[in-house]
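Here's a quick tour of one model, written for someone who likes cut-offs spelled out. Have the viewer open and follow along.

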Amino acid sequence: MTKVAVILANGFEEIEALTVVDVLRRANIACHILGFEQVVTGSHGISVQADRLWQGNLDDYDMVVLPGGMPGSANLRDDQDLMKALTKMQEEDKWIAAICAAPIALEKAGVLENKKFTCYDGVEESIKSGNYLKETVVTDGKLITSRGPSTALAFAYTIVEKLGGDADSLRQGMLYTDVFGE
């Protein structure tokens with residue numbers, strides 16, 4: 001069974017994190033919230049109970065998802081164990097996904113080298129590697145990135161689709177209308 005880890009550090013963007021967790025669980029894809037602390041507080045003051053504590057490796061997971069938000073994205077970027085785990089996941093050809101400002105962590109880990117990506121408007125100016133595209137969701141190999149809070153559902157559906165789930169049924173069941181023209 002495919003297993004996904006959504007990693008939360010204090011200051012994460014709530015919509016981006018919880019939308020992904022909710023949609024993956026609706027798709028019956030195993031999804032665990034790994035928190036830097038047992039209770040992690042988002043950038044808008046919403047506290048979330050982690051399923052597990054972040055223990056420094058992602059060996060048991062097929063995909064990692066990094067939500068954006070500030071200072072959450074910086075906290076992810078500054079965790080050396082996460083940088084090593086991201087590098088290892090890429091070396092093992094596992095899925096890596098990030099939204100909003102979280103691609104700053106991907107850059108530090110070297111994951112964006114020679115890859116197309118997107119991120120929150122303006123964040124691309126601080127990212128020196130990779131090829132930035134201003135699109136809702138960008139997939140390059142096993143790397144999935146998205147722009148921000150309003151793109152969280154499109155991001156989550158793309159993740160479900162890439163992991164072999166039935167994203168179309170989810171979209172219909174959730175009454176999703178494609179407001180992004182894709």
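What follows goes through a strand, a lysine, a helix pair and some salt bridges.

## Ground rules

This is a predicted model, so to speak plainly about confidence: local features need pLDDT of at least 70, side-chain atom pairs count only at pLDDT 80 or more, and totals for chains, interfaces and linings use all residues. Residues are numbered from 1 along each chain as its sequence is written, and side-chain values use heavy atoms, with hydrogens and water left out.

Helices (H or I, at least four residues) and strands (E, at least two) are DSSP runs, numbered from the N terminus.

## Strand β6, covered on both faces

Start with strand β6, residues 63–66. In a regular strand the side chains alternate between the two faces of the sheet. Here Met 63 and Val 65 sit on one side, Val 64 and Leu 66 on the other, and all of them are buried. Buried means under 20% relative accessible area, exposed over 50%, and partly exposed in between, using a 1.4 Å probe and protein chains only.

Which strands pair with β6? Strand β1 (residues 3–8) does, in the parallel sense over 3 bridges, and strand β7 (residues 95–99) also runs parallel to β6, joined by 4 bridges.

## Lys 115, buried without a salt bridge

Lys 115 is in the loop between α4 (103–108) and β8 (116–117). Lys 115 is buried and has no salt bridge. The nearest side chain of opposite charge is Asp 140, 4.0 Å away. For charges, Lys and Arg count as positive and Asp and Glu as negative, while His and the chain ends are not counted. A salt bridge is a side-chain nitrogen of Lys or Arg within 4 Å of a carboxyl oxygen of Asp or Glu.

What does Lys 115 touch, leaving out residues up to four places away in sequence? Gln 90, Gly 130, Asn 131, Asp 140, Gly 141 and Leu 143. Contact here means heavy atoms within 4.5 Å.

## Helices α1 and α5

Helix α1 (residues 14–26) packs against helix α5 (residues 152–162) at an angle of about 40°, with the axes 9 Å apart. The contact involves residues including Ile 15, Thr 19 and Val 23 of α1, and Leu 153, Phe 155 and Ile 159 of α5. Axes are lines fitted to C-alpha atoms, for helices over the stretch in contact, and angles run from 0 to 180 degrees between N-to-C directions.

## Salt bridges

The structure holds 10 salt bridges. One of them joins Asp 22 and Arg 26, with the closest N and O atoms 2.4 Å apart. Both residues lie in helix α1, 4 residues apart, about one turn of the helix. Asp 22 is partly exposed at 34% relative accessible area, and Arg 26 is partly exposed at 48%.

Asp 121 bridges to Arg 147, with the closest N and O atoms 2.6 Å apart. Asp 121 lies in the loop between β8 and β9 (131–132) and Arg 147 in the loop between β11 (143–146) and α5, so the pair ties together parts 26 residues apart in sequence. Arg 171 bridges to Glu 161, the closest N and O atoms being 3.8 Å apart. Salt bridges that share partners also join Asp 121, Lys 134 and Arg 147 into one network.

Note on methods:
Pairing = 2+ DSSP bridges.
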